[in-house]
Amino acid sequence: MTSVKDTEIPRHIAIVMDGNGRWAAKRFLPRVAGHRQGVESLRRCVKACSDRGVSVLTVFAFSSENWNRPAEEVSGLMDLLGLALGREVPQLKKDGVRVHIVGDRTGLSEKMRAGLLQAESSTAENTRLILNVCFNYGGRWDIAQAAAKLASAGETINEWNLDRAMALAHVPDPDLLIRTGGEQRISNFLLWQAAYSELYFSEKLWPDFDEAELDAAIDSFGRRQRRFGKTPEQVLKASEPRKVA
Ligand code: IPE
Ligand code: IPE
Ligand code: MG
């Protein structure tokens, strides 16, 4: 059996952390209890990624469309982000994790925006792992805001410039995109950046996503051939060691 030690580690892993509500429903708990458990799972996942040498972890915490949920759940999720950051940031800081909150901040309260800035600035010196928390984020919002930024600066709208104006311009594109919870869809996550990500769908509900399931995803990634439009033969040839003349 291949152990995760001898498989290729993706540099950037992105995760749609889905299934918190179902996790709670199975236990006759309110949905917010599932989200709270989801934070525990995220803490474990951040540590596991860091231990395995992953450089960037990007997680989907609240989508542009999640505003359509019942008001009680939306406010529970808003409060949870603030609480989780306040509680987790000191440890993340010690563990070398740099936090970025990615998404539209215009709809967020003043207090919340200050909390996000504080989490980012207090971890800004860290280099071990970049953690991007996508909150009030949508792939369509990102493409539109990038295009608007270029247009207002009078810059040409082309792939290169759009890429630089995108909310995740500070990291390379994700190599592996995991979705937990059994659904096989993107739900407006990294529409632009996932162009060539390898996809992995896990049946586990997010609060149950553990190190073993992360390793299963990494192992699956290590067994794939990424072709980026080329033929399998071209890819094999490019990975052969060069002959010394
Ligand atoms: C994902 O879990 C977290 C958020 C969308 C905030 P869900 O809340 O979507 O959980 P399910 O899909 O209903 O089980
Ligand atoms: C995607 O999950 C958003 C997050 C995990 C934050 P959803 O549960 O909102 O996705 P859909 O609605 O089932 O597609
Ligand atoms: Mg869901």
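The dialogue below sets computed values against definitions.

Mentor: This is a predicted model, in which local features need pLDDT of at least 70, side-chain atom pairs count only at pLDDT 80 or more, and totals for chains, interfaces and linings use all residues. Residues are numbered from 1 along each chain as its sequence is written, chains are lettered from A and ligands numbered from 1 in the order in which they are written, and side-chain values use heavy atoms, with hydrogens and water left out.

Trainee: What is the average pLDDT of the protein chain?

Mentor: The term pLDDT denotes the predictor's confidence in each residue, from 0 to 100. The protein chain averages 95, and 96% of the residues score at least 70.

Trainee: Why is Cys49 called buried?

Mentor: Buried means under 20% relative accessible area, exposed over 50%, and partly exposed in between, with a 1.4 Å probe and protein chains only. Cys49 has a relative accessible area of 0%, so Cys49 is buried. Cys134 likewise counts as buried, because its relative accessibility is 0%.

Trainee: What makes a set of residues a nonpolar core?

Mentor: Such a core is a set of buried Ala, Val, Leu, Ile, Met, Phe, Trp, Tyr and Cys residues joined through side-chain atoms within 4.5 Å. The largest one here has 39 residues, of which Ile13, Ile15, Leu57 and Ile178 touch the most other members. Its largest share, 7 residues, comes from helix H3 (residues 71-94). A second, separate core of 13 residues includes Val16, Phe60, Val102 and Leu168.

Trainee: Which strands form the open sheet, and which are its edge strands?

Mentor: Helices (H or I, at least four residues) and strands (E, at least two) are DSSP runs, numbered from the N terminus. Two strands pair if DSSP finds at least two bridges between them. The order of the 6 strands is S3-S4-S2-S1-S5-S6, with parallel pairing. Strand S3 (97-102) and strand S6 (198-201) are the edge strands, since each pairs on one side only.

Trainee: How do you know that S2 and S4 pair?

Mentor: Strand S2 (residues 56-63) and strand S4 (residues 129-137) share 7 bridges in the parallel sense. Val56, for instance, has Ile130 in S4 as its bridge partner.
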